[in-house]
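Morning, everyone. I have one chain to show today, and I will keep it brief. Please have a look at it first.

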Amino acid sequence: MLPGTFEYLLSIIEPILLREKTEGAPMISPRKQCLLALWRLATPDSLRSISDRFNVGRSTALYITRRVINALIELAPTVIKWPTNERVGQVWAGFEANSGFPKVIGAIDGTHINIPAPKDDPAAYVNRKSHHSIQLQAICDHTCQFIHCYVGHVGSVHDQRVFRLSEVQSYLGDVSKFPQDCHLVGDLAYKFANTVSRQWPYDTTSTKL
C-alpha cells in the first residue's frame, strides 16, 4: 500500500477508531491500530509476532484487527459501488478502449482466500488445489476497481454456483444494473444455460450474461 493511500484510508476511518471513554489505559492511536491491522492482513505473522512488533498484548492485537476490519466494512458501501448514470458510459468506454469489447460493465472472476483448517467440517473448505479456503467473487471495472464483492462460501463450491447464490444473479434482468443490454466478461466458469456466447476477433472468449 502506498503511503498516500494509507493516509487517505486513515483519514476516513480514524473517527471510528477513536475511543469515546477516556478513563483506563491510554488509547492506542488510530494510526497504530490501522498499521497493526494492515500488517496482520498482509502477512502470515502470528499474533505473538505481531504483538511483539507493535508492543501490544495478543488479545489487544486481535481486538484491534477486528475493530479496523469492522471500520472497513462500514466504509465498503461508499467505495464498492455498481456503476450508475454517467459512470456506466465511462466504464463502457474504458473497456472498449482497453480491449475493444463494447458495452462491458465489469469483469468477473473468483479467487480463494486460504485459511487454516476449521474445526467444523474442514473437508468442505478444501478447494481444487487441496487448500482450505473461502470463496471471493469480485467484479471490477476497467480501472481494476471493485464494483461488487461477494465472499464467504466454502472453498469446495464452484465459481458458477457462487455466482448463482450471489445477488448479481438477480441483477441480470434488471435494466438499472445492466442498461442497454450491456454485459459482464468472465472465463468459462461463468458459462450459464441462459448465456449467449459471442466470438470476438481476439484470442479469448467473451460470455454475455
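Asn114 sits in strand S1, residues 104-114. Strands here are DSSP runs of E, at least two residues, and helices are runs of H or I, at least four, numbered from the N terminus. What does Asn114 touch, leaving out residues up to four places away in sequence? Asn127, His131, His132 and Ser133. Contact means heavy atoms within 4.5 Å. Val126 is 12 residues from Asn114 along the chain, and their C-alpha atoms are 9.5 Å apart.

A word on provenance. This is a predicted model, where local features need pLDDT of at least 70 and side-chain atom pairs count only at pLDDT 80 or more, while totals for chains, interfaces and linings use all residues. Residues are numbered from 1 along each chain as its sequence is written, and side-chain values use heavy atoms, with hydrogens and water left out.

Stay with the loop between S1 and strand S2 (133-140): Ser130 is there. Its phi is near 65°, positive in a residue other than glycine. Ser130 is at 57% relative accessibility, so it counts as exposed. The cut-offs: buried is under 20% relative accessible area, exposed over 50%, partly exposed in between, with a 1.4 Å probe and protein chains only.

Gln180 also is not a glycine, and its phi is positive, about 55°. Find it in the loop between helix H7 (168-171) and strand S4 (183-185). Its relative accessibility is 55%, so Gln180 counts as exposed.

Now the helices. H1 covers residues 3-17 and has a kink of about 40° at Ser11, shortly before Pro15. That bend is the angle between axes fitted to the seven residues ending there and the seven starting there. Which residues of H1 are buried? Phe6, Leu9, Leu10, Ile13 and Leu17. They pack against H2 and helix H4 (58-79).

Next, H2 (residues 30-42) with H3 (residues 47-54). Their axes come within 11 Å and cross at roughly 150°. Axes are lines fitted to C-alpha atoms, for helices over the stretch in contact, with angles from 0 to 180 degrees between N-to-C directions. H2 and H3 are therefore roughly antiparallel. From H2, Lys32, Leu35, Leu36, Trp39 and Arg40 meet Leu47, Ile50, Arg53 and Phe54 in H3.

Finally, the whole chain. It has seven helices and six strands. In sequence order, the pattern is α-α-α-α-α-β-β-β-α-α-β-β-β. Of its 209 residues, 33% are buried.

Definitions and conventions:
Angles under 35 degrees count as roughly parallel, over 145 as roughly antiparallel, 65 to 115 as roughly perpendicular and the rest as oblique.
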